[in-house]
Amino acid sequence: MTPTPLINAAPAENAGAGEYSPAPLAETTRGIGLRDFSMLIALLLIWGFFGTVAPTFLSARNLSNLAVELSITAVLSLGMLLIIVCGQIDLSIGSGVGLFGGLTAVLMFRHDWPAPAAMAVSLVAAVLVWAAMGALIIRQRIPSFIVTLAGLLVFKGLHWKVISNATIPLTVGSAQNAMSRLTTWFLPKPLAFVLAGLVIVGLTLAALAGRRQRKAFQFPLEPREILFSRLFVTAQLLLLFVLVCNQYRGVPLSVMLLGATALIIGVLLKHTRFGRYLYAVGGNREAALISGIDVSRVVIGAFAIMGALVAVGGFLQTAYAGASTTTIGQLMELDAIAACVIGGASLSGGRGTVTGVLFGSLIMASLLNGLTLMAVSPEVKFIARGVVLALAVWMDVRLNKRAAD
Amino acid sequence: MISPVLECRRIGKRFGGVAALCDVDFDLRPGEIHALCGENGAGKSTLIKILGGIHPHGTYDGEVIIDGKPAAIRSVADTKAAGIAVIYQELALVDEMTVAENLFLGKEPVRGGLIDWPAVFDGARRVLQQFAIDLDPRAPVRELGIGKRQLVEVAKALAANSRILILDEPTAALSEHEVRALLQILRNLRSRGVSCLYISHRLEEIFSIADRLTVLRDGRNVATFDAAEATVPMVIRHMVGREIGELFPRHTPKHGAPLLRVLDLEVAPPEDSHVRLADIQFDVHEGEVLGIGGLMGAGRTELLMHLFGAWGRRVRGTVSVAEQILDAKANPRQSLRAGLVLVSEDRKRFGLVTDKTVGFNLSLSSLRQLDSMGLIDSTREHRRNSEMFRSLAIKASGLEAKVGDLSGGNQQKVVLGKALLTQPRVILLDEPTRGIDIGAKVELYGLMNRLTAAGCGIVLVSSELEELMSMSDRILMLHNGRIGGTFARGEATQEQLLAAAMGRSTVTTGRASEHQETV
C-alpha cells in the first residue's frame, strides 16, 4: 500500500511548482555565499600579511610543511564537524591526539611492536573510548561539554603516564616505519600530476552529474559559467599546489590521507542516512526522535568516527614532531572548533559543510604556521589563537542573526 | 447599585480580517467572583490579554473602565499599577527561588543598598497568614507541586496589593484536593473585597464558586447570568449556540478488521507514580476515524504520544497494531515500523527541522526505504518527495524551500507528508487543524476521507467539537485521563459530548457514573 494513489492529482495552481525563479536561485546557488567570500578574503589577507613580514612563508619548503599541518588540523576538524552538526561539542581531542600518538610510539619504541600493529591497536582503542564517551553523553544525559572536559584531563594524564613524562622517539636512528612515513613520505613527482589530473576529472564529472540531476529534478541551476569557472579555478589551484610541492620534495602522504577523509565524510554527510540523521538530530532533537531516528545511535556513531580521526590525527601529529612529548596535541580541540565555526558550522547544531571546514582549517593552519615563522613568543601565539576563536564565534552569531532576519 | 471596579464597554479586537472580540460588554463588581465561559476560540484569552496589557490600548476598540474612570492600559506594568493581577496558565515563577523571594521579586525591600531579607520573609509570612494560604515562605518553588505554585502566584498578586485577580484556567492541571484549596482561598479573598475574574472549562467549579457568569461565543457576550439562576444545560447551550453545518462531509467507507487495539491501558508520567491515563480501551478499524475529544489536560496528547512510544511509562495494558503486539517500551522507531505514525500538535517542536528544506523533512522518516547499497537513492527520493509535494498541494517555491519560511498550514502539510511517506496503517493526528486556515482544513478532511477509503485507520484528537462530530465515525471523550463516554457517529449532541468531557453523564448527573457508558 503506497500513499500516493490515495491522493488526487495536483490542483492546477501548483502544477508548475518546479519553475519558481529567480528569487530562490540566489539562495540555492551553492558555493558563493557571503560567508565563502569573507573566508576567501580572510585567507588572502593572512597569506599576504605573512608573505610580507616573513618571506619564507611562501617558500616551497614552508608551503609543503603547511600542507602537512593543514592535513592534521583538517582531519580533526572534519571529525569535529560531525560532532558539532549533531549538536554536541568535543573538548578532549587535543589530549586524545597526544595519548594515542604516545601510546603508538611507546608500543613501537619500548615494546618493539611493528608500526602497523601499534597503530591498529591505538585506532581501535580510540574508537572504543570515544564511543563510550558518546554513550555517556546520550544515555546518561551528561552534557558533552562536561564529559569531554573530563576526557581532556583524563587523556592528558594518561598520555603523560604512558610516555612517563619523557620524549619517546618514533624511529631508531634513521630507519623509517609506517608511522613516521605519514609525514616524511612524498608522492613521486610524476605520479602527483597524474593523481591531480584524476582528481580534477573526478571533480568535474561529479559536478556535471550533480547538475544533470538537479536539472532532472527541475531545481534551479546555477549559471553554467559560474560552475565552469569554479571548476577551472579549483583545477588551477590543485595544479599549482602540486607544482609548488614538487619544487620541494613532492606532495606529502598526509595530504592524500586528508583527501580520503574529506571524501568519506562528505559522502557520509550528503548521501547516507547517518548524515541526514546527524543534521536532523542537531537541528531538532525532539522532532528527530518522533521521526523515528535512533538519536543515541547517531550521536554514538558520530563520536566513534571522531575517535578514529583522533587516532589518525595523533599518528600524524606525533610523526610530524618526530617524537611523543607532553605538549603534543595541546589545544588542538580549540583549533578544530574554530575551523568548524569559521567554516560556517553552527555551534547550536544542524549546520555545517565539508568545504567550509576545509577552508576554516586552512585559515587556522596558516595562522599558526605564519606565527611560528615570525618567531613570535608562545604567549603571543596563545593570544592570537584566542582572538581568532572569539572573532569566529562572533561572526557565527552575526551571520546566523542575519540569516534569521 | 454598587458601582463596578472594572467595566468593559463595547470591546472589539480584530486580528487581520478575523474578529476575535466584538462589542463585548462586561462588568466586575467589588468582592465578586465572576466566571467567564466559552469554547476554545470564543475570545476569552483575547479579553484577558487586553486587560493584562498584552494587547495594548489603541489596538482594540471600546473602553476599559476602572473605578469609574476610563483606563488606557498600554503595558503589563499599567495593569499592575491599576491593581489588576493576571495569572496565566504558564506560571511566571522563578523555580530556584523561595516562595518569599518570588512574592517580592522585582520589589524587594531594600535597606542601605542591600536586600532586607528579614523584611522579605516577614512580609511574605504576613501576606500568607492574612489570606490563610498554607505555604512556607522559605520553601523553594522548585519543590512545590503545581497546585501550590498556583497559590504562590495568587499570593504574589496579593503581595502587590492587587484588588482584581484574573485567573486563566487555574485548575486545569490541579488535583481535586488542590482545586478545593484554591477555591476556598478565592472565597476568603471575596469576603475581603477582592474581585476575581475566573476562567474555567469546568462547570461544576464555576457553579460552586461564581456569583455571576458570562458566556462568550464567537467573540460576543451572549449572556450574563446570576449563578443562582443558571443551570448547566443552559450554560452549555449558550456556549455551543449553533447547529453543526455539514460543511465537511465524512464519507465513511465500510470498516474492516481492527487495526489498532488498545486494551486496559494505564500509563504514568516517566518520573511520577501518579497515574495519568487509566482504563483506556478502544479499537480502531480499517477505514475508521476514531475521534478523541476532551478538555485541556484530559490526557489526549499524552494518550497519542504514549501509543506512539514517545511518552510515559506503561503500568499495564497492551497496544497492538494489525494483530501485532507493540512492546510496552517501544520507541517511535519501532512504532513506525509497526505501521503507526504520529502527527504531533506541536509541529515546531516535534514535527519539523525548521532550518532544513521541505525535501529534507519530507523524507526524514522514510529514508530506510530509499536505501541503495548504503547510500540514499536521491533520484527515488526526489520522485517520492515531489509526488507528495504535489498531491498535498504544498505551497512553497519547491522542495528546496526552507520549511521555517512556510505558513502554518503548509508546515502542517509537510509533517503530514513525512508521516504518509512511511506508508502507515494507523495515523494518529493530534489537533491537525490547529492554526491552519479553513481552506487547508477542508483539504485535510478530504485527505482523511481518501486515506480511510484506502484502508488506513485514523485517530483524530481535536478540541473543536464540530470537527470531531463531522469527521469521526466514533467519538471517545476523555475526562481526567479516563474515558468519559463513547458515542457512535450522529448519536451525541454537542451538549452530551461536553458533558462527557466534564465528567458528567447526561443520563444521570452524578460523577460516580462516569464510566458506565464505556463498560
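Me: What share of the contacts in chain B with a separation of 6 or more comes from residues 24 or more positions apart?
Reply: In this predicted model, local features need pLDDT of at least 70 and side-chain atom pairs count only at pLDDT 80 or more, whereas totals for chains, interfaces and linings use all residues. Residues are numbered from 1 along each chain as its sequence is written, while chains are lettered from A and ligands numbered from 1 in the order in which they are written. Two residues are in contact if their C-beta atoms, placed from the backbone, lie within 7 Å. Counting the contacts of chain B with a separation of 6 or more, the share from residues 24 or more positions apart is 67%.

Me: How many helices and strands does chain B have, and what is its radius of gyration?
Reply: Chain B has 17 helices and 24 strands (DSSP runs, with H or I over at least four residues for helices and E over at least two for strands).

Me: What percentage of the residues in chain B is buried?
Reply: The C-alpha trace of chain B spans about 75 × 55 × 45 Å along its principal axes. A residue counts as buried if 20 or more other C-beta atoms, placed from the backbone, lie within 10 Å of its own. Of the 519 residues in chain B, the buried ones make up 48%.

Me: Which helix gives the largest share of the side of chain A that touches chain B?
Reply: The contact between these chains takes 34 residues from chain A and 40 residues from chain B. On the side of chain A, at least two residues each are supplied by α1 (23-28), α11 (273-283) and α12 (285-290). The largest share, five residues, comes from α11(A).

Me: At what angle do helices α4 and α5 of chain A pack?
Reply: Helix α4(A) covers residues 93-109 and helix α5(A) residues 115-139, and their axes lie 9 Å apart. Their contact includes Phe100(A) and Leu103(A) from α4(A), and Met119(A) and Val121(A) from α5(A). Between N-to-C directions, on a scale from 0 to 180 degrees and with axes fitted to C-alpha atoms over the stretch in contact, the packing angle is about 145°.

Definitions and conventions. Buried ≥ 20, exposed ≤ 12 C-beta atoms within 10 Å, placed from the backbone.
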